[in-house]
Amino acid sequence: MGPASKKNKKKRPSFRKLLKTSNLKLENKQKNRQFKQQSSAKKQRKEQRKLRQAITDVSHQTLKPLERYKKRPEDEEEEEEFLESLPTDMMDEEDLEQIKAMAHKASFLTRDISSSAPVHAKKRKSEQPVEKYEKMPRKMQQQQQEKELIHLLPIKDKSGLIPQSMEKPVVPEAEEEPKDQEELEMEEEPERGPSLTPKEQLKLRSQRLMEKKLHIASVSSAILADPHVNIKKLKELRAMLMETDPCVAVTVRKLVMVSLMEVFKDIVPAYRIRPLTEEEKATKVKKETQQLREFEEGLVSQYKFYLEDLEQTIKDWKQKKQKRSQAVSLESYKGLAEVAIRCICDLLVALPHFNFHNNIIVMVVPLMNDPIRTVSEMCCEAVRKLLKQDKLGQASLAMVKVISGMVKSRNYNVKPEVLKCLLCLRIKEVDMKKDTEDTTPKKKFMLFKERKTSLSRMQRKWKKAEEKLQKELLEAEATESKDKKIKLHTETLNIVFLIYFRILKKAQKSILLSSVLEGLAKFAHLINLEFFDDLLAVLFGLITSGDLSYRESLHCILTSFHILSGQGDVLNIDPLKFYSHLYKTLLTLHAGGANDDTSIVLQCLDVMLTKRRKQVNLLRAQAFVKRLSTLGLHVLPDSCVGILAANRTLMHTFPKCDILLDNEMQGSGVYLPELDVPEYCNPQNTGLWELHLLKRHYHPVVRKFAAHLMKGAPSEGSGALSMELSRRTPVQLFEDYSVKDMTFNPPVAGPPTKKKEYFTIGQAFFDADLKSQIDAALQTESEQMSLDFTLQHTPQET
């Protein structure tokens with residue numbers, strides 16, 4: 001056999017292959033048979049459906065009447081000639097009458113085919129006259145145009161319906177005169193009502209406004225009564241934001257804004273609503289679940305539209321856009337915008353957990369820097385409230401991010417109040433190092449091999465149960481939420497420090513520097529250790545530059561010592577230059593009006609001397625006690641009380657300072673008060689003679705503190721202070737006796753009275769009988785150095 005025969009020869013398949021192929025063929029045949037059965041059944045169902053549809057169409061179809069064609073005049077002539085040629089004389093008159101009568105009767109040719117009723121069906125007597133009346137044309141075509149009838153409604157009687165009609169009156173057409181241009185303009189203008197007096201207009205406006213108020217109240221109460229059912233009424237209430245009545249448009253829009261804000265604050269759930277996925281929408285749920293989904297979806301959409309309306313109101317006010325409706329004038333936009341801003345601020349504070357909160361933050365933050373003071377204060381106050389009440393840290397992080405972006409985009413040209421809001425952040429603990437997870441000790445559980453080698457069977461059983469219980473306890477402590485909170489706080493504080501360091505580096509002469517230094521003073525203990533050296537160098541450079549105000553330099557000093565009192569203890573730095581600067585500038589404290597810098601000075605003294613007592617020598621402490629006593633002669637009573645309280649604390653912290661109460665001198669040298677370095681001014685060779693002057697001060701609390709210090713500041717005995725004064729810190733005492741609200745009410749000129757009059761300085765109340773004591777105090781040597789405080793109108797007794 002040749003090669004061609006070898007190619008054509010088929011290879012015999014094996015038994016296993018035959019078995020496989022036979023199974024496949026059987027499966028394919030079964031599938032084909034099932035497919036044919038399904039397709040044939042489908043065709044039968046389709047044909048039956050078509051047949052049913054055809055039957056229903058025929059049963060409901062109304063038959064059209066036969067078409068009637070108009071005869072041409074030629075056909076009419078031929079028909080007349082044909083009728084004349086008929087042999088009608090061969091027919092009797094009776095036959096002709098019978099044929100005419102048959103022609104008038106209903107037959108197949110004459111009846112209306114569209115009616116499906118039988119030919120000789122008997123009609124009811126009550127329906128017959130009605131049908132005749134319905135078939136009668138409404139307007140009869142008359143050849144004569146002399147009279148035209150108007151058909152009226154028929155009258156029903158015992159005999160049936162009696163048709164009624166009347167002749168249409170003929171009105172003679174008058175010749176149209178040409179109209180003037182003024183008459184045409186009057187026709188184009190809409191008809192106006194009669195002019196009202198101002199009193200009537202005011203009454204009409206109050207009536208309309210009351211109707212709108214009642215409508216707003218009814219819709220709002222309906223929503224609050226059952227939000228899940230009446231959620232669609234939010235759209236009705238929101239539509240009133242577009243009120244077009246110019247009389248009440250502004251007031252109604254303001255009322256609707258506030259009403260919607262209160263409604264949303266009440267009906268919004270305590271969780272964030274997320275959009276449903278396609279799989280969740282496709283699945284079937286219970287009726288209650290579906291109703292809840294519809295409520296949430298409607299609530300989120302209406303809340304979004306409401307925020308968009310508020311934002312558009314603010315934009316129209318900023319851009320001064322005039323609307324087409326002109327229901328609201330440009331002058332009224334400011335009032336509407338202020339109400340819209342107030343609503344946004346309330347929603348910012350009340351709903352930090354709900355949807356679109358980040359959008360509200362983006363709307364509010366630019367308004368914090370608004371040139372209008374009321375708007376700026378309103379937004380700053382809302383931001384402060386939000387930061388104070390935020391416990392988790394998510395809202396604070398979003399707020400700080402937006403503020404950072406605004407400060408950078410406006411090239412640090414923002415109000416200081418914007419950065420002062422950051423002082424309200426509730427950050428007390430942050431993740432200082434990246435490797436805290438490695439440094440913190442974790443609870444380790446024993447492996448199975450360790451338990452098997454070191455413990456017995458019973459001990460292994462008890463150990464397993466104990467480890468299971470410990471795991472459950474760790475889950476109950478919610479450590480994960482705490483770690484998340486610390487992580488958010490760390491990220492927030494990093495952004496805050498980024499804002500501060502940018503301003504220190506690029507805008508040192510900006511008005512924001514005071515707020516930056518105040519913020520650094522508060523959060524300095526949370527700064528990373530790597531930045532300490534550079535930050536201290538920058539702060540000292542700012543102090544020595546001379547460009548800072550007194551308050552800003554105090555903040556620099558306070559920030560530096562906050563850094564050194566926290567993690568800075570490890571650095572072992574002696575900030576002598578900061579001590580010298582504060583000692584030198586103490587006497588420049590303003591002695592006139594209400595002075596807020598005194599509280600910062602007292603905080604600096606507490607951080608620099610009391611809390612760092614181990615790093616402060618005795619000479620430095622004595623120098624500060626002497627300088628503070630001298631300062632107490634110049635300032636107001638509230639500052640004087642705080643300074644004397646600080647001296648009392650220093651004498652308790654450094655007991656050897658009581659040497660300043662003696663007249664004896666120790667060592668050589670003379671006290672040099674003009675020297676700026678506290679260690680080299682020989683403070684041990686002087687005494688606190690200022691206390692003798694302050695002992696005769698007109699303020700009773702100052703007299704108490706001066707007498708207390710002259711006796712060595714004892715804690716017990718006759719010279720001790722009361723419990724109320726001894727437990728208060730210097731800063732608290734300064735705030736208690738603050739003279740910010742000092743008011744003088746001189747008596748009106750007139751006849752003198754014997755009634756005693758009072759005036760207040762902080763919390764100290766004085767009687768007019770103290771006048772003699774005040775005069776005696778003012779005659780002393782401290783009159784030139786003390787506060788310029790005089791009573792010009794004191795009550796006199798006759």
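Student: What makes the length of α7 agree with its 28 residues?
Tutor: This is a predicted model, and the check goes like this. At 1.5 Å a residue, the 28 residues of α7 should span 40 Å, and the C-alpha atoms at its ends are 40 Å apart, so the two values agree.

Student: Where is Ile-223 found, and why does Ile-223 count as buried or exposed?
Tutor: Ile-223 is found in helix α7, residues 198–225. Buried means under 20% relative accessible area. Ile-223 has 0% relative accessibility, so it counts as buried.

Student: Which residues of α7 are buried, and what do they pack against?
Tutor: The buried ones are Leu-209, Ile-216, Val-219, Ser-220, Ala-222 and Ile-223. The buried residues of α7 pack against α8 (233–239) and α9 (249–267).

Student: Which residues does Ile-223 touch, leaving out those up to four places away in sequence?
Tutor: Asn-230, Lys-233, Leu-234, Val-263 and Ile-267. Take Leu-234: it sits eleven residues from Ile-223 in sequence, and their C-alpha atoms are 7.5 Å apart in space.

Student: How many aromatic pairs does a search of the whole structure find, and what makes Phe-540 and Phe-578 edge-to-face?
Tutor: The search finds nine aromatic pairs. For Phe-540 and Phe-578, the ring centres are 5.7 Å apart and the planes are at 75 degrees. Rings pair if their centres lie within 6.5 Å, and planes over 60 degrees apart count as edge-to-face. Both conditions hold for 5.7 Å and 75 degrees, so this pair is edge-to-face.

Student: Which parts does that pair tie together?
Tutor: Phe-540 lies in helix α22 (residues 532–545) and Phe-578 in helix α24, so the pair ties together parts that are 38 residues apart in sequence.

Student: Why is Phe-540 called partly exposed? And what about Phe-578: buried or exposed?
Tutor: Partly exposed covers the range between the buried cut-off, under 20%, and the exposed one, over 50%. Phe-540 has 23% relative accessibility, so it counts as partly exposed. Phe-578 has 3%, so it counts as buried.

Student: What makes Phe-561 and Tyr-579 an edge-to-face pair?
Tutor: Their centres are 5.1 Å apart, with 75 degrees between the planes.

Student: How do the axes of α23 and α24 cross, and what is the handedness?
Tutor: The axes of α23 (residues 550–565) and α24 (residues 576–585) come within 11 Å and cross at roughly 150 degrees. The crossing is left-handed. Among the residues making the contact are Tyr-550, Leu-554, Ile-557 and Phe-561 of α23 and Phe-578, Tyr-579 and Leu-582 of α24. The residues of this contact divide into seven nonpolar, four polar and no charged.

Student: What makes α21 mostly covered?
Tutor: Nine of the eleven residues of α21 (residues 513–523) are buried. Leu-513, Val-516, Gly-519 and Phe-523 are among them.

Student: Why is His-708 called buried, and what does it touch?
Tutor: The relative accessible area of His-708 is 1%, so it falls under 20% and is buried. His-708 is found in helix α29, residues 700–710. Not counting residues up to four places away in sequence, His-708 touches several residues, including Arg-648, Ala-713 and Leu-721.

Student: Where is Ala-713, and what is its phi?
Tutor: Ala-713 is in the loop between α29 and α30 (723–726). Its phi is positive, about 55 degrees, although Ala-713 is not a glycine. With a relative accessible area of 4%, Ala-713 is buried.

Note on methods:
Residues numbered from 1 in each chain as written. Predicted model: local features only at pLDDT ≥ 70, side-chain atom pairs only at ≥ 80, totals over all residues. Heavy atoms only, no water. Axes fitted to C-alpha atoms, helices over the stretch in contact; angles between N-to-C directions. Helix = DSSP H or I, 4+ residues; strand = E, 2+ residues; numbered from the N terminus. Left-handed = near helix turned anticlockwise from the far one by under 90°. Contact = heavy atoms within 4.5 Å. Nonpolar A, V, L, I, M, F, W, Y, C, P; charged D, E, K, R; others polar. Buried < 20%, exposed > 50% of the residue type's maximum accessible area, 1.4 Å probe, protein only. Expected span 1.5 Å × (residues − 1). Phe/Tyr/Trp six-rings, centres within 6.5 Å; stacked < 30°, edge-to-face > 60°.
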